[in-house]
Amino acid sequence: MNNVLSCQKLYKSFNQGGVELNILNGIDFQVAPGETVSITGSSGSGKSTLLHLLAGLDKATGGEIIINGNDFSKLNDNQICAIRNQNLGFIYQFHHLLPEFTALENVLMPIMISGYISEAKRNHALELLNRLGLSKRTKHFPGQLSGGERQRVAIARAVVNSPSIVFADEPTGNLDNQTSNHVLDIFFQLQEELKTSLVIVTHDNEIAAKAAKRYRLHDGKLINLASITG
Ligand SMILES: Nc1ncnc2c1ncn2[C@@H]1O[C@H](COP(=O)(O)OP(=O)(O)OP(=O)(O)O)[C@@H](O)[C@H]1O
Ligand SMILES: [Mg+2]
């Protein structure tokens, strides 16, 4: 019962012009502490939809999501927001950095939201940027960074609060192969050091293979690939 994330019978449908689109049709899924999980699936299969539900960024049509013992269905938006800020990290496909803030300020954003930035937290953010090879880029604005550098800033921001779980939606989707591999290697190293759980969504089987557990989203259901391939 000490899973970081547990979801049961998760359903999501969108009503588009009177037509009901069933995207997720009963997802059961658990993530243990420190576990790495990948989710692949064709375009439009609902990967981003699933990740948004799990991270509390959107509401399910039905089912249960429990993160660190907190049942999302029993919480209001403010409470979900607070849990998200303290327990979860989220990396979007297109980094979503705030353009008018420097790299360091972007990394510090989750801390700023929850309160006071102590010297220790500032140093921690600087250390993360240093760890990601960005010690000379802390005062750069996103527009002055390369794609790979921006994505590394987004990684630092996602882990700055030492969340118990990080969700990554195609985190290297807009990077070239070599940069993508480099960013992913650092990301997985960091994940291992911080012992955070990781749910990574990707259409790339090579990236998916880096995770200990692999699932495929198909027809609104999650298929455990390990149980197929042995
Ligand atoms: N807000 C919405 N309203 C209506 N339909 C939506 C909405 N969001 C997503 N959908 C539909 O749900 C389906 C799944 O979308 P989603 O973004 O989760 O796919 P995905 O697996 O992440 O695809 P990709 O690999 O292209 O990113 C799509 O067919 C999309 O049109
Ligand atoms: Mg998507």
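In strand E8, Ile200 is the bridge partner of Ser38. That pair is a starting point for this predicted model. Four bridges join E8 to strand E3, residues 36–40, and the two run parallel.

- E8 spans residues 197–201 and is mostly covered, with five of its five residues buried.
- Both faces of the strand are covered. Ser197, Val199 and Val201 are buried on one side. Leu198 and Ile200 are buried on the other.
- Strand E7, residues 165–169, also runs parallel to E8, and five bridges join them.
- Within that pairing, Ile165 has Ser197 of E8 as its bridge partner.

**The open sheet**
- Four strands form an open sheet, ordered E2-E1-E4-E5. Their pairing is antiparallel.
- E2 and strand E5 (70–71) stand at the edges with a single partner strand each, so one side of each has no neighbour in the sheet.
- Ten bridges link E1 and E2 in the antiparallel sense.
- Gln16 stands opposite Val19, a residue of E2.

**Around ligand 1**
- Ligand 1 is surrounded by 13 residues. The closest are Phe14, Ser43, Lys47, Ser48 and Thr49.
- Three elements each supply at least two residues of this shell: strand E1 (5–16), strand E2 (19–31) and helix H1 (47–54).
- H1 gives the largest share, three residues.
- By type, the shell holds nine polar residues, three nonpolar and one charged.

**Helix H4**
- H4 covers residues 119–131, which makes 13 residues. From first C-alpha to last, the helix reaches 18 Å. That is close to the 18 Å expected at 1.5 Å a residue.
- Ala125, Leu128 and Leu129 are the buried residues named in H4. These three lie on the same side of the helix, because they cover an arc of only 100° around the axis.
- An α-helix has 3.6 residues a turn, so residues three or four places apart point the same way.
- The face turned away from the buried side carries exposed residues: Glu119, Ala120, Asn123 and Glu127.
- After H4 comes Gly133, with a positive phi near 75°.

**Ile207**
- Ile207 sits in helix H7, residues 205–208.
- Ile207 counts as buried because it has 22 C-beta neighbours inside 10 Å, and the cut-off for a buried residue is 20 or more.
- Beyond its neighbours within four places in sequence, Ile207 is in contact with Leu184 and Thr202.
- Lys121 is 86 residues from Ile207 in sequence. In space, the two are 31 Å apart, C-alpha to C-alpha.

Note on methods:
Residues are numbered from 1 along each chain as its sequence is written. Chains are lettered from A and ligands numbered from 1 in the order in which they are written. This is a predicted model: local features need pLDDT of at least 70, side-chain atom pairs count only at pLDDT 80 or more; totals for chains, interfaces and linings use all residues. A residue is near a molecule or strand if its C-beta atom, placed from the backbone, lies within 6 Å of it. Ala, Val, Leu, Ile, Met, Phe, Trp, Tyr, Cys and Pro count as nonpolar, Asp, Glu, Lys and Arg as charged, and the others, Gly among them, as polar. The expected span of a helix is 1.5 Å times one less than its number of residues. A residue is buried if 20 or more other C-beta atoms lie within 10 Å of its own, exposed if 12 or fewer, and partly exposed in between; C-beta atoms are placed from the backbone. The arc is that of the directions from the helix axis to the C-beta atoms. Two strands pair if DSSP finds at least two bridges between them. Two residues are in contact if their C-beta atoms, placed from the backbone, lie within 7 Å.
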